[in-house]
Each structure stands twice: as C-alpha cells, then as structure tokens.
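I opened my notebook to look through one structure, a piece at a time. Here is what I looked up.

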Amino acid sequence: MRNKFAEAIYEIGKKDSKICALVADISPAGSMLDFQKDFPNRFINTGVSEQSMIGIAAGLALRGMRPFCYTIASFSLFRPFEFIRVDLCYQNLPVTVIGMGAGLIYSTLGSTHHSAEDIAIASTLPNMQVIAPCDPSEMKLATTWCAKDSKGPVYMRLGKAGEPDFTQNADNFEFGKIRYLYKGSKIAIITYGITMNLANQIKKYFNDNGLNPSLISNHTIKPLDVNGLTKTLKNYEKIIVLEESIPHGGLSSRLKEIAYDNGIISKLDCYTLRDKFINFYGNHQELLEKHNFSFSYIIKNYK
C-alpha cells in the first residue's frame with residue numbers, strides 16, 4: 001500500500017500543480033523519488049521535524065496548495081498533535097496527514113513506533129476526517145478524493161507493503177459510506193484498513209462451514225456512515241467488528257452507541273487490541289496474537 005500511495009500521488013501530481021508532498025525523515029524511493037525529481041518545488045523533506053512538516057503544510061494550504069504529509073503513523077499524528085489541532089483543524093485546511101505502517105505493523109521497533117490509538121485520537125479532533133482504506137485499490141480512490149474533493153483536514157491510515165486487493169467486486173467507493181465487498185446473510189463482518197486480510201480469512205472460514213457472511217469495508221471512520229451502519233445492524237443477526245486499534249474511541253465503540261440509540265438487539269461481537277502496551281519482541285502476527293487479535297483466537301471464541 002505504501003508504494004501504491006506514492007504512485008497515486010505522483011500520477012495525480014502530474015496533472016495537478018497544487019499537489020505537494022512533505023515527508024519527515026523518509027528517504028524517497030520509487031514513485032516518491034520520481035515526484036521529488038520531477039517536482040522539486042513541490043517536495044519537502046523536513047527531516048526529524050514533524051511539527052515543522054505540519055506547520056509548513058498549513059502555510060502551503062493557505063496559499064492554495066493541496067499538501068500531503070507522509071511519514072510513519074506514530075510520528076505523523078502523535079508528535080505534531082498540537083500543530084495538527086491548531087494549524088490544520090482549527091483553520092479547517094485541506095491537508096492530508098498520512099499515517100503509514102499503522103497499528104502494530106512496526107512490531108519489532110517497539111511501542112514508540114506503534115499506533116494503536118491513532119484512530120481514536122484523530123477522530124476526537126473537530127473538522128478532522130478519518131479514513132482507512134483496506135487495500136491498494138481502495139487507497140488510490142481515497143487518495144484521489146483527498147486530492148480533489150476534501151474540504152478540510154484528513155487523517156489517512158495506511159498499511160506498509162504486500163497487502164492484496166480485496167475490492168475487485170465491491171460496491172462503488174464513496175467517501176463517508178460503508179462499502180460491501182461481499183453480500184451474504186445473517187452474519188456481517190465489518191472492518192477497515194489493514195485488518196481486512198484477517199476479516200477475509202474469517203469470511204472464508206465461515207464459507208467453508210456452510211455460512212455466507214457479508215464483508216464490509218468501513219473505510220471512512222469519520223464522518224461515520226450512521227444510516228448505513230444502522231441498516232446493517234438491523235438486517236443481520238450477528239455483527240463481527242474487527243479493528244487493529246484500542247477498544248475505546250474507534251468503530252467498535254461507535255457501533256455500540258448506534259445499536260443502543262436505536263434499540264437494536266443484534267449480537268455484536270467486537271475484537272480489538274488490548275488496552276495496554278505489551279512488552280514483547282516479535283513480528284507483526286506474533287504481536288497481534290499477544291493482543292488476542294488473531295484468526296485462531298477469534299474462531300476459538302466464536303459463539
């Protein structure tokens with residue numbers, strides 16, 4: 001997804017001179033390097049200075065540009081948080097902040113490089129829109145929307161590399177609307193972003209065991225598709241929510257609110273990361289297992 005994002009920005013930047021890329025201590029490679037070479041006046045590497053990256057992006061946006069700020073998720077959102085809040089959200093500027101390698105993807109680098117809280121934190125900010133595409137194709141559509149149609153700040157959560165495509169037969173992409181990848185009955189699996197691979201594994205398991213679940217990409221976390229999700233909660237006997245995020249302030253919390261507000265009694269099973277820092281050295285999958293967020297754990301505890 002990281003490489004496809006660079007390709008998308010480069011292709012959009014060829015046609016739109018307002019697109020600019022700002023990175024913080026990221027060595028440009030591939031299409032991002034092409035962007036730097038072909039549009040040197042629209043590419044800035046601020047080094048280890050994420051606050052400056054956001055402040056410069058705000059100034060560029062005030063001059064009519066469409067900046068994209070790109071670095072590792074824990075550094076793109078957490079370190080310059082006050083600048084994002086005051087420079088971008090307070091002034092409602094069309095700047096897209098990219099959180100790359102989100103969740104626990106940078107597993108072996110420790111909690112300093114994890115971003116389990118980013119969805120919850122970004123969603124609290126007034127005027128901030130939050131989006132987490134589930135595969136490279138959906139990411140390209142989301143990036144195009146950010147470049148052409150967004151009216152204010154956006155936080156976009158991305159994976160890293162190697163994600164397969166899941167959306168070949170999906171509904172059309174629309175910002176702010178849930179998207180059915182597969183339509184089934186009785187059970188609906190809802191997720192977003194980097195967790196779609198796990199959701200797809202669970203869907204296949206259900207298929208092999210005589211069930212036919214729907215699979216839904218809730219790519220837009222804020223503004224949430226309350227109407228679409230309310231219909232889903234009403235139309236399915238069981239909802240399974242998966243998110244590589246803390247238990248509070250994300251999609252799971254919001255769905256519980258919607259269900260309660262509408263008196264919906266469908267069974268709602270939410271699987272998230274645990275609300276703790278886990279001191280463990282291992283790869284991404286091993287760390288997810290420590291959080292009880294894995295295929296084996298979910299299937300074992302499914303009722």
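I started with helix α5, residues 81–89, and found Ile-84, Asp-87, Leu-88 and Cys-89 buried. Buried means under 20% relative accessible area, exposed over 50%, and partly exposed in between, with a 1.4 Å probe and protein chains only. Why do they sit on the same side of α5? They do so because they cover an arc of only 155° around the axis. That arc is taken from the directions from the helix axis to the C-beta atoms. I then checked what the buried residues of α5 pack against: α3 (50–62), α4 (73–78) and β4 (96–100). Contact here means heavy atoms within 4.5 Å.

I noted the ground rules. This is a predicted model, where local features need pLDDT of at least 70 and side-chain atom pairs count only at pLDDT 80 or more, while totals for chains, interfaces and linings use all residues. Residues are numbered from 1 along each chain as its sequence is written, and side-chain values use heavy atoms, leaving out hydrogens and water. Helices (H or I, at least four residues) and strands (E, at least two) are DSSP runs, numbered from the N terminus.

Next I traced a sheet. Five strands make it, open and mixed in pairing, in the order β7-β9-β8-β11-β12. Two strands pair if DSSP finds at least two bridges between them. At the edges I found β7 (179–182) and β12 (267–271), each pairing on one side only. Neighbouring strands are turned by 25° against each other on average, direction ignored. Axes are lines fitted to C-alpha atoms, for helices over the stretch in contact, and angles run from 0 to 180 degrees between N-to-C directions.

With β7, β9 pairs in the antiparallel sense over three bridges. Which residue of β9 is the bridge partner of Tyr-180? I found Ile-216. Ser-214 and Ile-216 point one way from β9, Leu-215 and Ser-217 the other way, and all are buried.

Helix α8 (residues 196–208) touches β7, β8, β9 and β11 (238–242), and its direction makes about 165° with that of β8. Helix α10 (residues 251–261) lies across β8, β11 and β12, at about 165° to β12.
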